[in-house]
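Open the model in your viewer and keep the selection panel at hand. This tour goes stop by stop.

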Amino acid sequence: MAVYHIVSLKFAPGTPAENIVESLNGVAGLQKSCIHPTTNLPYIKSFVAGRNTVPKAEYTHTFIMEFDSVEDREYYMNLDPAHAAFTKVITTGEFPLGGAQIMSFSAGDY
């Protein structure tokens, strides 16, 4: 059953727009750079991202990734070296986050 991983971000006040775009492009790149440890193939099945269009929303950008299983999502979140490296970049230095909200769900699992 597909697992959808949703992350909403807000960047620190004053973060230049080009840094925001670069960081979101980095997230999009994870679809190709995250490699499954067993198959040695990319395992993020789909990726979409965009700016929040709700006026005065606290979180400004959201992305959604699709995985084949909870195990794949767990590997991504806890063990994938490409994800770990990117997380380190986006939480320090020139891409200071003001916050993140992370959720995952399986379709139809109420």
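Which residues do ring pairs link into a cluster? Select Tyr43, Phe67, Tyr75 and Tyr76: ring pairs join these into a cluster.

Before going further, note that this is a predicted model, in which local features need pLDDT of at least 70 and side-chain atom pairs count only at pLDDT 80 or more, while totals for chains, interfaces and linings use all residues. Residues are numbered from 1 along each chain as its sequence is written, and side-chain values use heavy atoms, with hydrogens and water left out.

**Stop 1: the rings**

The structure holds five aromatic pairs. Rings of Phe, Tyr and Trp (its six-membered ring) pair if their centres lie within 6.5 Å; planes under 30 degrees apart count as stacked, over 60 as edge-to-face and the rest as tilted.

Show Tyr43 and Phe67. Their ring centres are 5.9 Å apart and their planes are at 40°, so this pair is tilted. Tyr43 sits in the loop between α1 and β2 (46-51), and Phe67 sits in strand β3, so the pair ties together parts that are 24 residues apart in sequence. Helices (H or I, at least four residues) and strands (E, at least two) are DSSP runs, numbered from the N terminus. Tyr43 and Phe67 are both buried. Buried means under 20% relative accessible area, exposed over 50%, and partly exposed in between (1.4 Å probe, protein chains only).

The ring centres of Tyr43 and Tyr75 are 5.8 Å apart with planes at 65°, so the pair is edge-to-face. This pair links distant parts of the chain: Tyr43 is in the loop between α1 and β2, Tyr75 is in helix α2, and 32 residues separate them. Tyr43 has 3% relative accessibility, so Tyr43 counts as buried. Tyr75 has a relative accessible area of 18%, so Tyr75 is buried.

**Stop 2: the core**

Which residues of the largest nonpolar core touch the most other members? Select Leu9, Leu30, Ile44, Phe63, Met65, Phe67 and Tyr76, out of 19 residues in that core. At least two core residues come from each of β1 (3-11), α1 (17-33), β3 (61-67), α2 (70-78) and α3 (81-90). A nonpolar core is a set of buried Ala, Val, Leu, Ile, Met, Phe, Trp, Tyr and Cys residues joined through side-chain atoms within 4.5 Å.

Centre on Met65. Leaving out residues up to four places away in sequence, Met65 touches Val3, Tyr4, His5, Val27, Leu30, Ile44, Ser46, Phe47 and Tyr76. Contact means heavy atoms within 4.5 Å.

Next, pick Leu24 in helix α1. Leu24 is buried, with a relative accessible area of 18%. Beyond its neighbours within four places in sequence, Leu24 is in contact with Leu9 and His61.

**Stop 3: the largest pocket**

Which lining residues are the closest to the centre of the largest pocket? The pocket has a volume of about 250 Å³. Of its 16 lining residues, Val7, Phe63, His83, Thr87 and Ile102 are the closest to its centre. On a 1 Å grid over the protein atoms alone, a pocket is an open set of points where a 1.4 Å probe fits, with protein on both sides within 12 Å along at least five of seven lines; lining residues have an atom within 4 Å of a point. Grid points are joined across faces, edges and corners, and the volume is the space filled by probe spheres set on the points.

Colour the lining by element. β1, α1, α2, α3 and β4 (97-106) each supply at least two residues. α3 gives the most, with four residues. Then colour by class: the lining has 12 nonpolar, four polar and no charged residues. Ala, Val, Leu, Ile, Met, Phe, Trp, Tyr, Cys and Pro count as nonpolar, Asp, Glu, Lys and Arg as charged, and the others, Gly among them, as polar.

Stay with the helices. Met77 lies in α2. Met77 is partly exposed, with a relative accessible area of 33%. Met77 touches His5, His83 and Ile102, not counting residues up to four places away in sequence.

**Stop 4: two loop residues**

Most residues other than glycine have a negative phi. Select Asn40, in the loop between α1 and β2. Its phi is near 60°, a positive value. Asn40 is exposed, at 57% relative accessible area.

Finish on Lys56, in the loop between β2 and β3. Phi of Lys56 is near 60°, again positive. Lys56 is exposed, with a relative accessible area of 88%.
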